[in-house]
Amino acid sequence: MTANTETRAFEAEVAQVLHLVTHSLYSHKEIFLRELVSNASDALDKLRFESIADPALMAGEGELHIDISVDQAARTITIRDNGIGMSRDEVVANIGTIASSGTRRFLDAMAQDAKADARLIGQFGVGFYSAFVVADRVTVLTRRAGADASEGVKWESDGQSQYTLDQIDLPERGTAVVLHLKSDEDEFLTAWTLRSLVHRYSEHIAFSIRMPKEVAVDDAAPEWETVNAASALWTLPKSGISDEDYQGFYKSLGHDFNDALAWSHNRVEGSQSFTTLLYLPAQPPFDLMMGGRDERKGVKLYIKRVFVMDAAEELLPNYLRFVRGVVDADDLPLNVSRELLQHNRQLERIKASCVKRVLDLVETLARDEPEKFATFIQAFGNTLKEGIVEDPSNRERIARLLRFASTRGEGATKSVSLDDYIARMADNQDTVWYVTAETHAAAAGSPQLEAFKARGIEVLLMSDRIDEWMLGSLHEYDGKRLQHVAKGDLPVDEAGKQKQEEVAKAAEPLLARIKSLLGERVEDVRVSSRLTDSPSCLALSDHEMAPHFARLLRESGQDLPDSRPTLEVNPDHALLKRLETEGDDRKAADLAGLLLEQAEIAAGAPLPDPAAFVQRMNRVLLGG
């Protein structure tokens, strides 16, 4: 330390991340190299972009590169780039405090998954801290491009609770990260191991990654050689790119250890020229739901091979936020800002093309690779459903890709498409029937399905939380109406209608009694055409949301108007027969209350007074 050394404490959440890294994350230790090389590549990208407006920033070293070297005697690994570098304030902001909400989301994710490990760290923008997986001390030497040599900064920490800052002379711009390895990490002190990791994780970084050809002798300067492909993969002809190359690029791009499920690589020529390389992951990114509606990353925007920004929000709609990839445009101005991007017609055309490519890719999986498509739907089916609401222009295409459980399916398997359902419909059926519930078991056991099952009418079973919201925008498909089984009347022939009218007429005194006993608790009581085995169920008006969904909205703080349910009953059921002949009004009131409450429970509605329900049920069971 020098007299000018400043010691600072890490911000609390950064300290938590460091504690996790140094004490809990043991698998996939080699992640550190991928993350530090990725950070170095970002620094080179930023320098190249900023130098468009200020060419003087490139003064000094010409070729942009990343150097990796090992000092076995000192037990250190150094990753150095000649990129944009950092000022003292930027060092504090980027390393000592929370640079983005990624730190908080990473901690939340770790708290939810005991099996989470170091492979996740890059998905949350906190990749620098992976250095402490293998190092017990890390030194950062950095100087911002354009700054004086005397404005270099030395940052150092053992990854515990604090770090030190020094101002130093640094003749070259850029950043060097020096890892002082732990005593049991000898495997990373061999150049062969580091070269292998570069090939595995960073082969397609668009800058040269260099390593010394051999150990320098007698203080001679090392002779450097490039150890990666150092090419922008998306600019190469598809015929010259292997599946292994595509997968390797995806892993370096998406901070993912798993292979991509599928990808689409296209070059568009014409009045507007651009290249897209878009990937479908096999598994959801860890923060898909937690951070999906914050600032999104995942698709990088390049202009004439110059990285401009992570512009996922401008390049893909939110419901496709799981897509990873690159878009390289020829015709956008290099000095484009995020504000300009949001109002750029050229980018709107690129965005429309990206959406088309992704949906084309998913449709191809559905048609040609059903096993991969099933994996995709399992991972991203619910996210895709958001597009029904958010993307009206592609609503029909998205709906065609969705899969649901069905009364003709096996268990909770979501394998039935809307096209499958329509193909099996009877000639005189013009409605796609569905039921929504909080769980698959609740949907499959809904009393509202009984008459449909008795008549052999298939019903889609929807139990995802997003389904009711989605169906508010999906009123028809392929000319067929979509309708909840609790809404409207079950289609019957003239003989059936006449029979229903006769039953309703005969039950009028019973209905009037039930309505009188329930009073303000119900809007109406009527005979049900839906029930064959159960005594009661709730019916919904055409514009009424399912009770379980209304409850969820209220629990989330939504202010919904109060409404009274419509109760439908089955006069042939023994419970209704008992109520009809019950002379004691108190016992009859208990029976009527249970008819309503069991219907509410089956529909997922909250009981207004659970204690009263329990007492009422006990009285009926005891005959009192």
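This is a predicted model: local features need pLDDT of at least 70, side-chain atom pairs count only at pLDDT 80 or more; totals for chains, interfaces and linings use all residues.
1. Let's start with strand β12, residues 299–303. Five of its five residues are buried, so the strand is largely enclosed by the rest of the structure. Both of its faces are covered: Val 299, Leu 301 and Ile 303 lie on one side, with Lys 300 and Tyr 302 on the other.

2. Which strands pair with β12? Strand β14 (residues 324–329) runs parallel to β12 and is joined to it over five bridges, with Val 299 standing opposite Gly 325. Strand β13 (residues 306–310) pairs with β12 in the antiparallel sense over four bridges, and here Tyr 302 stands opposite Phe 307. β12 and β13 make a hairpin with two residues between the strands, where Lys 304 has a positive phi near 50°.

3. Another hairpin is worth a look. β5 and β6 have four residues between them, and Gly 159 in the turn takes a positive phi of about 75°. Strand β5 (residues 152–157) is antiparallel to β6, with five bridges joining the two; Glu 156 stands opposite Thr 164. β6 (residues 162–168) also pairs with strand β1 (residues 6–9), again antiparallel, through four bridges. In that pairing, Ala 9 has Gln 162 as its bridge partner.

4. β15 meets strand β17 (residues 460–462) through two antiparallel bridges, and Ala 405 is placed opposite Leu 461.

5. Now to the charged pairs: the model has 38 salt bridges. One of them joins Arg 34 to Glu 35, with 2.8 Å between the closest N and O atoms. Are these two residues buried or exposed? Arg 34 counts as buried because its relative accessibility is 2%, and Glu 35 is buried too, with a relative accessible area of 2%.

6. The salt bridge between Lys 515 and Asp 524 has an N to O distance of 3.7 Å. Lys 515 is partly exposed, at 36% relative accessible area, and Asp 524 counts as partly exposed at 28%.

7. Glu 597 and Arg 521 form a salt bridge at 3.2 Å, N to O. This pair links distant parts of the chain, 76 residues apart: Glu 597 is in helix α20 (residues 585–603), while Arg 521 is in the loop between α17 (508–518) and β20 (524–527). Glu 597 counts as buried at 3% relative accessibility, whereas Arg 521 is partly exposed at 30%.

8. Finally, the surface. Asp 493, Glu 494, Glu 501 and Glu 502 form a negative patch. Asp 493 sits in the loop between β19 (480–484) and α16 (494–506) and counts as exposed, with 53% relative accessibility. Met 617, Leu 621 and Leu 622 make a nonpolar surface patch of about 350 Å². Leu 622 belongs to helix α21 (residues 610–622), and its 75% relative accessibility is why it counts as exposed.

Definitions and conventions
Residues are numbered from 1 along each chain as its sequence is written. Side-chain values use heavy atoms; hydrogens and water are left out. Patches are made of residues with over 30% relative accessible area and no salt bridge: like charges are joined within 9 Å, nonpolar side chains (Val, Leu, Ile, Met, Phe, Trp, Tyr) within 5 Å. Accessible areas come from the Shrake-Rupley method with a 1.4 Å probe; for residues, only the protein chains shown count as cover. A salt bridge is a side-chain nitrogen of Lys or Arg within 4 Å of a carboxyl oxygen of Asp or Glu. Lys and Arg count as positive and Asp and Glu as negative; His and the chain ends are not counted. The place of a charge is taken as NZ of Lys, CZ of Arg, CG of Asp or CD of Glu. Buried means under 20% relative accessible area, exposed over 50%, partly exposed in between (1.4 Å probe, protein chains only). Two strands pair if DSSP finds at least two bridges between them.
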